[in-house]
Amino acid sequence: MSNGTTHHVLPLRMYIGVWLTLMLLTAVTVWVSFFDFGSFNMIVAMSVATLKATLVALFFMHLFFDDRFNLLAFLGAFVFVGLFFTFTFIDEMTRGQYDPIEANFVKEMPPSSTAGQQGKKPPVEGHSSEAGGKPHAPAAAGH
Amino acid sequence: MNKGPTSSAAPGSAEPVVHGQGGLSYLNASHGIKSWIFTLDHKRIGVMYLVFVLFAFMMGGTFALLLRLELLTPGRDLVDADTYNKFFTLHGAIMVFLFIIPSIPAALGNFILPIQLGAADVAFPRLNLASLYIYAVGAIFALYAMISGGVDTGWTFYTPYSTSTSTAVVPMVMAAFILGFSSIFTGINFIATIHKLRPAGMTMFRMPLFLWALYATSIIQILATPVLAITLLLLGVERWLGVGIFDPAMGGDPILFQHFFWFYSHPAVYIMILPGMGIISELIAAFSHKTIFGYRAVALSSIALALLGFLVWGHHLFVSGQSEFASTVFSFLTFTVAIPSAIKVFNWLATLYRGSIMLATPMLYALAFLFLFTIGGLTGVFLGALSVNIHLTDTYFVVAHFHYVMMGGTVIAFVGGLHYWWPKMTGRMYPEPIAKVVCAIIFVGFNLTFFTQFIMGAKGMPRRYYSYLPEYQPWHVMSTVGSWIIGLGFLIMLVYLLWSLRRGPIAPANPWGALTLEWQTSSPPPLENFKHTPVVSGGPYDFPDET
Amino acid sequence: MSNSVHTADPHAVAGPGHHHAHHFQSAEHEFQTCKLGMWIFLVQEILFFSGLFLAYGIFRWMHPEMFFGAHKTLDVTLGATNTVILIFSSLTMALAVRAAQLNQRGQSAVLLVITLLCAFGFLVIKYFEYSHKFHLGMLPGRLYFYDGLTQFRDPHIFFGVYFIMTGLHGIHVIGGIVVIGWILRRTLRGEFSSEYYTPVEMTGLYWHLVDLIWIYLFPLLYLVG
């Protein structure tokens with residue numbers, strides 16, 4: 001390398017090492033899916049995925065060695081994704097507090113029902129344990 | 001004494017300025033249509049964008065005039081109800097996606113940003129050209145949607161109507177999707193340019209406030225527009241495959257569509273207003289011949305507005321079925337987003353105080369902005385109050401609010417900026433006396449059109465209605481007459497601007513005595529923007545103290 | 001925010017025939033700016049996919065048992081294989097960039113070819129998965145006609161989410177194939193060197209993002225619960 005460029009060439013063993021770690025973590029990903037951690041299932045799965053993603057971003061994508069601003073931009077994106085998720089979930093999870101009818105599923109299928117559900121009325125769906133057991137559901141279109 | 005950013009000569013000094021005629025400017029550096037279509041020069045790209053957005057404004061404005069004409073009486077005046085629905089939808093969609101979002105950043109910003117920064121071009125000139133091409137493709141899809149029957153869902157495309165109506169939703173949604181990428185590419189370019197192409201001495205806090213505004217706008221464009229893209233994609237897939245994510249009969253949630261849509265569309269209104277506010281900072285500083293009071297506060301409030309703007313989208317969903325708790329949270333957050341805007345207004349007013357005011361046309365537009373935007377912003381706070389919103393939502397009060405901020409704010413700022421930079425871009429002055437008269441015409445017409453709508457809305461007149469109770473008719477008539485006055489004003493403006501291209505007086509390099517870098521180069525600028533790379537040694541508004 | 005002044009020789013020629021653009025002060029300046037631009041583009045891609053992840057989250061929260069039941073129709077082995085393929089292709093892509101950085105044109109080309117083969121392999125596996133589902137009627141929305149999973153309400157929602165997420169990801173894989181193919185062609189023509197390999201680096205960043213998205217898609221769709 002010459003001509004004043006300041007690019008690090010990272011050692012081959014770093015790339016191979018990161019790749020092997022990613023392979024190991026992929027095996028872990030599949031392995032933990034066979035265990036039931038209850039409401040922690042999602043957190044465990046996402047933690048492993050995030051660890052893998054961090055390795056890819058920091059080393060394959062060179063963020064560890066780069067201008068810090070690029071890292072800031074990348075992380076910043078997730079802050080806004082978090083806002084999007086948080087407020088939308090706040091809405092979906094708190095419907096029906098003042099007017100219970102807003103928390104009900106559509107219980108009856110309309111006569112022209114979706115294919116594959118001919119005449120069947122499955123029981124009302126149970127709800128995720130994160131919601132603490134109280135039924136929550138989207139309101140029928142009222143706007 | 002601070003002299004402000006300088007090139008190799010002090011502002012307004014003895015260095016001979018090269019006018020358009022006799023010197024080589026970006027306009028005559030090359031000739032022929034191919035030199036425009038394949039240009040990489042940000043100035044030419046800006047000019048082409050300007051032509052496009054002005055066409056879009058005329059198209060959107062025509063739909064506005066038509067729909068207001070229909071509203072002269074409660075019955076049918078011109079068209080039937082279905083066609084009326086298409087008029088207001090197309091008015092909204094064209095104005096939002098084809099005019100207002102690209103207007104200041106892509107037309108004025110592309111031209112001015114590199115020059116005000118002291119750079120030779122934007123960071124990625126080919127991406128800039130691609131942005132323009134993508135805009136053109138999006139516009140073609142929108143035109144196709146118009147001629148293949150139009151769209152009648154309202155520009156907001158709410159489900160489930162948008163997933164079941166037989167009008168040309170898919171082409172219009174594809175148009176908006178494509179136009180979104182034009183917007184995103186502009187944002188990428190501006191952020192990279194501001195970070196990487198500042199010359200020696202141009203620190204972030206010596207940048208003109210227009211550039212801070214464009215920077216904040218670009219942040220929003222990058223973060224919000226892709227969410228619009230995925231929303232429109234999901235809408236298209238829903239129509240095509242009946243996926244059911246927005247359809248309650250299939251287990252979906254129509255309010256989810258509104259969350260997705262407004263996560264973009266609320267920050268989008270800050271994409272619309274922030275560049276306008278940036279222009280106002282430039283105009284008030286230049287025409288008060290005084291530095292902006294609270295420069296740092298104004299700069300940082302642009303960033304604050306960009307970020308806070310992402311926290312309030314639920315205020316568009318107050319009556320949709322959104323939970324009361326979420327609505328309360330969004331209402332509270334909506335009050336906070338008013339603060340940065342207020343900071344700016346007060347700083348502008350403080351700048352005017354004891355300034356050496358020059359009432360040229362751009363300044364008249366800036367003063368109009370202060371009045372109109374304040375009304376628009378305040379009424380936004382009224383609407384943000386949850387309990388008040390229940391009564392005013394979907395009435396003309398909302399329509400008046402957003403026209404005060406978008407038209408009384410952004411369009412007025414855009415026109416002010418257009419006049420301010422007209423000599424720089426074209427090398428000609430527009431005719432000042434008639435321009436002032438037109439400003440007055442537009443101001444009167446605007447208030448007649450839209451203030452009456454505040455009153456109507458508070459009295460209960462719903463929006464997007466084809467017909468109405470007879471007691472609203474006087475207000476509608478006044479509003480329609482106001483729309484004619486606005487139309488007249490813009491028509492005269494079009495005529496005198498075109499006239500000035502051939503017959504306007506030749507403009508000097510710095511007709512306004514302003515200090516930002518674009519005035520240190522000729523009018524119009526040479527191809528490479530500056531004959532000598534500027535070296536910045538002071539702030540952008542370091543006018544000599546005149547007290 | 002960094003002050004951006006670079007003071008390298010403004011007329012440096014980087015690489016065989018590459019002259020950096022006139023508004024940059026050096027090839028290095030151009031490289032760092034392009035990188036910044038690319039990262040901002042990736043930010044935009046993250047926000048683009050975020051809507052789909054949110055839709056997934058909302059519907060999974062609304063219908064947890066249905067999601068659990070429906071996901072069992074996905075083949076974990078195929079999904080895991082695809083994950084391994086994509087991560088390996090990320091390695092080969094990163095090494096291709098490194099080879100370009102080291103002036104190793106031949107190696108860079110070989111690594112790009114391997115990356116492309118992995119990408120095609122990924123799509124082939126997805127083709128098998130998709131056609132299996134089409135055959136059984138596990139389709140989104142109104143196209144759904146699978147006769148299993150009847151104990152759940154609206155199982156088509158899972159498949160709607162599955163197809164949209166993997167479909168959009170697949171479109172990005174196809175886009176990646178096109179771009180990597182183009183970069184391969186330019187590599188073979190000797191357009192890159194240690195002085196100038198910016199497009200290879202940019203392509204690498206894009207490809208890693210495609211991998212990143214799959215790293216999240218795989219557990220969420222195939223390993224629920």
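In the loop between helix H4 (125–147) and helix H5 (161–164) of chain B lies Pro160(B). The structure described here is a predicted model. The peptide bond that leads from Thr159(B) into Pro160(B) is cis, and its omega is near -5 degrees. Another cis peptide bond links Ser523(B) to Pro524(B), with omega at about -10 degrees. Pro524(B) belongs to the segment after H15 of chain B. Asn529(B) is also placed in the segment after H15 of chain B. The backbone of Asn529(B) has a phi near 75 degrees, which is a positive value in a residue other than glycine.

Helix packing in chain B was examined for H3(B) and H6(B). Two packed helices are described by the angle between their axes and the distance between the axes. For helix H3 (residues 81–117) of chain B and helix H6 (residues 169–196) of chain B, the axes come within 11 Å and the crossing angle is roughly 20 degrees. With an angle under 35 degrees counted as roughly parallel, H3(B) is therefore roughly parallel to H6(B). The crossing in which H3(B) passes H6(B) is left-handed. On the H3(B) side, the contact involves Leu90(B), Ala93(B), Phe97(B), Leu98(B), Ile101(B), Pro105(B), Gly109(B), Asn110(B), Leu113(B) and Leu117(B). Their partners in H6(B) are Met172(B), Ala176(B), Leu179(B), Ser183(B), Phe190(B), Thr193(B) and Ile194(B).

The surface of chain B carries a nonpolar patch of about 710 Å². Its members are Val51(B), Phe52(B), Phe55(B), Met58(B), Leu491(B), Leu494(B), Leu498(B) and Leu501(B). Helix H2 (42–70) and helix H15 (473–503) of chain B are the elements that each give two or more residues to this nonpolar patch. Leu491(B), one of the patch residues, is located in helix H15 of chain B.

Chain C contains six helices and zero strands. Along the sequence, its pattern reads α-α-α-α-α-α. The C-alpha trace of chain C spans about 70 × 40 × 25 Å along its principal axes.

Two helix pairs in chain C share H5(C). In one pair, helix H5 (residues 156–188) of chain C packs with helix H6 (residues 198–222) of chain C at an angle of about 160 degrees, and the axes are 10 Å apart. Since an angle over 145 degrees counts as roughly antiparallel, this value makes H5(C) roughly antiparallel to H6(C). The two helices, H5(C) and H6(C), cross in a left-handed sense.

In the other pair, the axes of helix H2 (residues 64–71) of chain C and H5(C) come within 9 Å and cross at roughly 65 degrees. H2(C) and H5(C) are therefore roughly perpendicular to each other. Their crossing is right-handed. From H2(C), the residues that make the contact are Met66(C), Phe67(C), Ala70(C) and His71(C). From H5(C), Ile157(C), Phe158(C) and Phe159(C) take part.

Charged pairs were searched for across the whole structure. Side chains of opposite charge can pair when their charged atoms come close. One salt bridge is formed by the side chains of Lys35(C) and Asp66(A), with an N to O distance of 2.6 Å. This pair crosses between chains. Lys35(C) is supplied by helix H1 (residues 27–62) of chain C, whereas Asp66(A) comes from the loop between helix H2 (41–60) and helix H3 (68–93) of chain A.

Terms used
Residues are numbered from 1 along each chain as its sequence is written. Chains are lettered from A and ligands numbered from 1 in the order in which they are written. This is a predicted model: local features need pLDDT of at least 70, side-chain atom pairs count only at pLDDT 80 or more; totals for chains, interfaces and linings use all residues. Side-chain values use heavy atoms; hydrogens and water are left out. Patches are made of residues with over 30% relative accessible area and no salt bridge: like charges are joined within 9 Å, nonpolar side chains (Val, Leu, Ile, Met, Phe, Trp, Tyr) within 5 Å. Accessible areas come from the Shrake-Rupley method with a 1.4 Å probe; for residues, only the protein chains shown count as cover. A salt bridge is a side-chain nitrogen of Lys or Arg within 4 Å of a carboxyl oxygen of Asp or Glu. Helices (H or I, at least four residues) and strands (E, at least two) are DSSP runs, numbered from the N terminus. Axes are lines fitted to C-alpha atoms, for helices over the stretch in contact, and angles run from 0 to 180 degrees between N-to-C directions. Angles under 35 degrees count as roughly parallel, over 145 as roughly antiparallel, 65 to 115 as roughly perpendicular and the rest as oblique. A crossing is left-handed if the near helix is turned anticlockwise from the far one by less than a right angle, and right-handed if clockwise. Contact means heavy atoms within 4.5 Å.
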